[in-house]
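Visitor: I am new to this one. Could you walk me through it, one step at a time?

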Amino acid sequence: MLEVQNLVVRYGGIEALHGISLRVEEGQIATLIGANGAGKTTCLRTISGLNRPAAGRIVLEGRDITHRSPHEIVGLGVIHVAEGRGVFADLTVRENLDLGAWRRKDRAGIARDRERVFELFPRLKERYHQSGGTLSGGEQQMLAIGRGLMADPRVLLLDEPSLGLAPVLVATIFEIIRTIHRSGATILLVEQNARMALRESDYAYVLETGRIVHAGPAAEVAQDPKVAEAYLGSG
């Protein structure tokens with residue numbers, strides 16, 4: 001479904017990604033784990049067109065999208081739920097969700113997906129006319145994911161969906177990710193909670209200082225002693 005080939009990204013004279021390659025198969029959850037500053041967010045931003053690579057290719061279902069603009073990439077079905085949520089504080093929950101569907105013309109499909117979002121996040125239905133800025137952190141994360149789903153994604157890029165949330169809400173967010181996956185979604189997940197990310201994923205990549213140093217089925221990566229020591233702790 002999605003392939004990154006020898007991707008190099010620079011910020012000025014600093015090389016943030018040193019020729020990384022990864023694949024996400026259709027219907028799969030692949031996770032990218034690593035320390036802060038390893039290049040995980042840079043990778044997602046480059047896939048979604050927000051960063052321009054210095055070298056390498058990004059291929060969606062056999063189509064090179066490396067130099068497409070962000071709105072074109074959205075139109076092809078690659079939807080990025082960015083770190084920090086990016087909720088429009090002065091707009092209502094409804095308006096935030098509607099913005100997720102801004103490229104779509106299929107009213108029946110939009111209505112269907114709105115109801116699907118409310119099934120996943122009943123709290124958003126309760127807050128339907130409330131402004132995004134008045135929501136709790138957990139509710140804003142729900143809204144950010146729901147807005148992404150309103151774009152009818154073929155590939156969903158999730159950047160740190162549990163960041164800053166209480167443990168009970170982290171469990172809720174991962175249950176939602178599990179449900180989205182069961183519906184057939186293809187997901188590339190960046191997540192600081194490596195233990196839960198590996199538990200829910202099919203395949204995993206470990207990124208260190210802009211290089212992929214380990215890759216394999218998530219269950220096997222989780223058993224690797226070096227990965228366990230660096231990212232999973234003793235819990």
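Visitor: What is the volume of the largest pocket?
Guide: Happy to start there, with the reminder that this is a predicted model. The largest pocket has a computed volume of about 510 Å³.

Visitor: Which element gives the most to the lining of the largest pocket?
Guide: The elements that each give two or more residues to this lining are α2 (70-75), β6 (78-81), α3 and α6 (137-149). Among the residues nearest the pocket's centre are I79 and H80, and both numbers fall within the range 78-81 of β6. With four residues, the element that gives the most is β6.

Visitor: How do the lining residues of the largest pocket divide by class?
Guide: In total, 20 residues line this pocket, and V74, W102 and R147 are among those nearest its centre. By class, the lining holds two charged residues, six polar and 12 nonpolar.

Visitor: And the second largest pocket: which residues lie nearest its centre?
Guide: This pocket holds about 210 Å³ of space. Its lining includes five charged residues, along with five nonpolar and three polar ones. Of the 13 lining residues, those nearest the centre are R116, D152, P153, G184 and A185.

Visitor: Let's go back to β6. Which residue in β7 does H80 stand opposite?
Guide: β6 belongs to an open sheet of six strands, in the order β6-β7-β8-β3-β9-β10. It is an edge strand, as is β10 (211-217), so to speak a strand that pairs on one side only. β6 pairs with β7 (residues 155-159) in the parallel sense, over four bridges. Within β7, the residue opposite H80 is L157.

Visitor: What angle does helix α7 make with β8?
Guide: Helix α7 covers residues 167-182 and packs on the sheet. There it touches β3 (29-33), β7 and β8 (186-190). The direction of α7 makes an angle with that of β8 of about 155°.

Visitor: At what angle does helix α10 run to β9?
Guide: Helix α10 takes in residues 225-232. It lies across β3, β9 (203-208) and β10. Its angle to β9 is about 70°.

Visitor: One last stop, L99: is this residue buried, partly exposed or exposed?
Guide: L99 is found in helix α3, which spans residues 93-100. Beyond its neighbours within four places in sequence, L99 is in contact with F88 and L91. Buried would need under 20% relative accessible area and exposed over 50%. Because its relative accessibility is 37%, L99 counts as partly exposed.

Methods:
Residues are numbered from 1 along each chain as its sequence is written. This is a predicted model: local features need pLDDT of at least 70, side-chain atom pairs count only at pLDDT 80 or more; totals for chains, interfaces and linings use all residues. Side-chain values use heavy atoms; hydrogens and water are left out. Buried means under 20% relative accessible area, exposed over 50%, partly exposed in between (1.4 Å probe, protein chains only). Contact means heavy atoms within 4.5 Å. On a 1 Å grid over the protein atoms alone, a cavity is a set of points where a 1.4 Å probe fits but cannot get out, and a pocket is an open set with protein on both sides within 12 Å along at least five of seven lines; lining residues have an atom within 4 Å of a point. Grid points are joined across faces, edges and corners, and a volume is the space filled by probe spheres set on the points. Ala, Val, Leu, Ile, Met, Phe, Trp, Tyr, Cys and Pro count as nonpolar, Asp, Glu, Lys and Arg as charged, and the others, Gly among them, as polar. Two strands pair if DSSP finds at least two bridges between them. Axes are lines fitted to C-alpha atoms, for helices over the stretch in contact, and angles run from 0 to 180 degrees between N-to-C directions.
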